[in-house]
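Please consult the sequence and the structure shown here.

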Amino acid sequence: MRRPLMLGAMIGLTLPATAAPTMTPQQGALLDRLTWGRTTADADAIARLGTRRWLDGQLHPKAEALPPAVAAEDAAIPAAPLAASVRGAEDLNRAANALTDPDAKAAAKKVYNDLLNGLAHQAAERSILTALYSPNQLQSVMTWFWLNHFNVHAGKNNLRAMVGDYEAAIGPHALGRFRDLVAVTLHHPAMLVYLDNSQNAAGHINENYARELMELHTMGVGSGYTQHDVEELARILTGVGIDPKPEVPKVAPPHAGELVRDGLFEFNPNR
């Protein structure tokens, strides 16, 4: 695979060709495993720096610097804060649901879905640009790996508005501690919506996220946890959800200090 050729075909960019530098077969194999496909720039870097220095640079990536033409393409992709995107989409959805005329409702729903599809497409375009042209190839590959491990499905509800931010949240932790990856995915609205913990409340327990957290994200099938453990973890996670409304919910004075809001994330002691 040659990353520039793939992206060039997609967005019409061309990068100057250079003679392939000399590198060992072992270095070539390393590029094939730890990048999205070797390029002349990668080959030049590993041949010039040596395997150990190149790998150390990948394991401790610096701030990302995309090639100028790619950076310009990335900057041209519309971007909005997650909370604003979700609130805007939900406003359209509520307005559509309030309509009684079938044709008007169908048209309004199309506007809503077109917005979500556009946000998902922008996220995919930005992800491809980063994967193909980021100098921090190992971080990009591992972001994809953890994005699959802590999987969400963009087709559910309004997750199309969240997947780009979800990938961006995972990226800084892709070469770090597993504990931090669990925490950042637990706090992200995409995960809380996808596995229904946004509906998990006292008196209305939803076990979906608690079960997946042990079965898929951490311990694994056959590790010894029981149904009782799932129920207790779900109970621990009550009140952990999202709130797209800008208004702060009312909480009884004894528990007011327990309310946590961070963007769309919310821990509400009422729940």
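Helix α8 (residues 137-149) packs with helix α9 (residues 163-170) at an angle of about 120°, their axes lying 9 Å apart. The model is predicted, so local features need pLDDT of at least 70 and side-chain atom pairs pLDDT 80 or more, while totals for chains, interfaces and linings use all residues. Residues are numbered from 1 along each chain as its sequence is written, and side-chain values use heavy atoms, without hydrogens and water.

The helices α8 and α9 are therefore oblique to each other (angles under 35 degrees count as roughly parallel, over 145 as roughly antiparallel, 65 to 115 as roughly perpendicular and the rest as oblique). Thr-143, Trp-146 and Leu-147 of α8 meet Tyr-166, Glu-167 and Ile-170 of α9, contact meaning heavy atoms within 4.5 Å. By class, this contact of α8 with α9 has four nonpolar, one polar and one charged residues.

Two residues are set out below by relative accessible area (buried is under 20%, exposed over 50%, partly exposed in between, with a 1.4 Å probe and protein chains only).

| Residue | Relative accessible area | State |
|---|---|---|
| Glu-266 | 6% | buried |
| Ala-256 | 40% | partly exposed |

Glu-266 is placed in strand β3 (residues 265-267).

Ala-256 lies in the loop between β1 (240-242) and β2 (260-262). Its C-alpha atom is separated by 38 Å from that of Gly-118, 138 residues apart along the chain.

Technical notes:
Helix = DSSP H or I, 4+ residues; strand = E, 2+ residues; numbered from the N terminus. Axes fitted to C-alpha atoms, helices over the stretch in contact; angles between N-to-C directions. Nonpolar A, V, L, I, M, F, W, Y, C, P; charged D, E, K, R; others polar.
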